[in-house]
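Student: I have a model open and want to go through it piece by piece. Can we start with the strands?

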Amino acid sequence: MSVRELVVLGTASQVPTRHRNHNGYVLRWDGEGLLFDPGEGTQRQMLRAGVAAHDLNRLCVTHFHGDHSLGLAGVIQRINLDQVPHPVTAHYPRSGKRFFERLRYATAYRETVQLAEEPVSGTGGVLYEGPAYRLEARRLSHPVESYGYRLVEPDGRRMLPERLAAHGISGPDVGRLQREGAVGGVTLDEVSEVRRGQRFAFVMDTRLCDAVDELAEGCDMLVIESTFTDEDAALAADHGHLTAGQAGRVAAGAGVRHLVLTHFSQRYDDPAVFERQARAAGFEGELTVARDLMRIPVPKRR
């Protein structure tokens, strides 16, 4: 059974609180798992959320501030301890390779798993392309080099029963039509329509920039930082972050279906303020203010 959901492991920025662990997010995409920004405590949060090391296929790090990467050491060692039977690939900013290596070999352990390193550099680009999805990265605007990630499912075809019936196509001929493109003079275009592939984006520490809009464009789910409230916009810009209102405007302009706000400063006690400000900025779609250990389904295809 295919499952597409976001598992939230932590939602705090900079420092954890009593109610928020450091960052950590697992995107379950059918049979694969992508772990984004494993901050300190991620391994324990995975245990609490029911996510196993065997579930992970890719590690995606946006940048090397501690709240987004200190959990790498424990996660990588757990992948090896559990002898995950498939290769695991790590993506991270190339400029931070020394940090990745230090975290990967922070202590002694036995390496049992093939961990491939595929760093991101320049303005980003396509990192991987397979039958289930294409993974892309874009350079963001933060005091240290930071990248956002975007996952795009290829478009498919949706068969239209009424058109199939009108052309007298049924049973095994439907499969032949899908494989071969035409049966008995009837083409696939005549009895089907494009089924748009799903899109997911993960945008962490950044100021507003073109890459934020590019990553968010047309997403079914956008996970985006909203570290500050709008009253602290100057502070957000100075530290290379977004406000809740800015995140809401980005999502509204990009046609996002489900907006997930996260990465909250410890200065705010009321999480409802982030939703209010994102709504006030014009976002009318589904909206979730993330909490630790939430499971958020990716919206079904249109």
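Student: How many bridges join S16 to S17, and do they run parallel or antiparallel?
Tutor: Strand S16 (residues 258–262) and strand S17 (residues 286–289) run parallel and are joined by four bridges. Two strands pair if DSSP finds at least two bridges between them. Helices (H or I, at least four residues) and strands (E, at least two) are DSSP runs, numbered from the N terminus.

Student: Which residue stands opposite Leu259 in S17?
Tutor: Leu287. The chain gets from S16 to S17 through helix H10 (residues 272–280), and this β-α-β crossover is right-handed. That term means that, with the strands pointing away from the viewer, the path from the first strand over the helix to the second runs clockwise.

Student: Before I go on, what kind of model is this?
Tutor: This is a predicted model, in which local features need pLDDT of at least 70 and side-chain atom pairs count only at pLDDT 80 or more, while totals for chains, interfaces and linings use all residues. Residues are numbered from 1 along each chain as its sequence is written, and side-chain values use heavy atoms, with hydrogens and water left out.

Student: OK, H9. How many of its residues are buried?
Tutor: Eight of the 11 residues in helix H9 (residues 244–254) are buried, where buried means under 20% relative accessible area (1.4 Å probe, protein chains only). Among them are Gln246, Val250 and Ala254.

Student: What do the buried residues of H9 pack against?
Tutor: They pack against helix H7 (210–216), strand S15 (221–225), S16 and H10; contact means heavy atoms within 4.5 Å. Just after H9, Gly255 has a positive phi of about 70 degrees.

Student: Switching topic: which residue does UniProt list for "active site"?
Tutor: The UniProt record, an unreviewed entry, lists Asp67. Such annotations may be inferred rather than shown by experiment. Asp67 is in helix H2 (residues 66–69).

Student: Why does Asp67 count as buried?
Tutor: Because its relative accessibility is 7%.

Student: And what is Asp67 in contact with?
Tutor: Leaving aside neighbours within four places in sequence, the contacts of Asp67 include His22, Asn23, Gly39 and His263. Gln14 is also one of the contacts, and its backbone nitrogen lies 3.0 Å from a polar atom of the Asp67 side chain.

Student: Now the open sheet. In what order do its strands come?
Tutor: The order is S6-S5-S4-S3-S2-S1-S18, seven strands with mixed pairing. Strand S6 (115–117) and strand S18 (295–297) are the edge strands, each pairing on one side only. Neighbouring strands are turned by 20 degrees against each other on average, direction ignored.

Student: Which helix packs on the sheet and touches S3?
Tutor: Helix H3 (residues 72–81), which also touches strand S4 (58–60), strand S5 (88–91) and S6. The direction of H3 makes about 175 degrees with that of S4. Axes are lines fitted to C-alpha atoms, for helices over the stretch in contact, and angles run from 0 to 180 degrees between N-to-C directions. Helix H4 (residues 97–104) lies across S5 and S6, at about 165 degrees to S6.

Student: Last one, S9. Is it covered or exposed?
Tutor: Strand S9 (residues 147–152) is mostly covered, with six of its six residues buried. Tyr147, Tyr149 and Leu151 point one way, and Gly148, Arg150 and Val152 the other.

Student: What does S9 run antiparallel to?
Tutor: Strand S8 (residues 134–139), through six bridges, and strand S14 (residues 199–203), through four. Arg138 stands opposite Gly148, while Leu151 has Phe200 as its bridge partner in S14.

Technical notes
Buried means under 20% relative accessible area, exposed over 50%, partly exposed in between (1.4 Å probe, protein chains only). A polar contact is a pair of N or O atoms within 3.5 Å; within protein, one must be able to donate a hydrogen and the other to accept it, and residues adjacent in sequence count only if both atoms are side-chain atoms.
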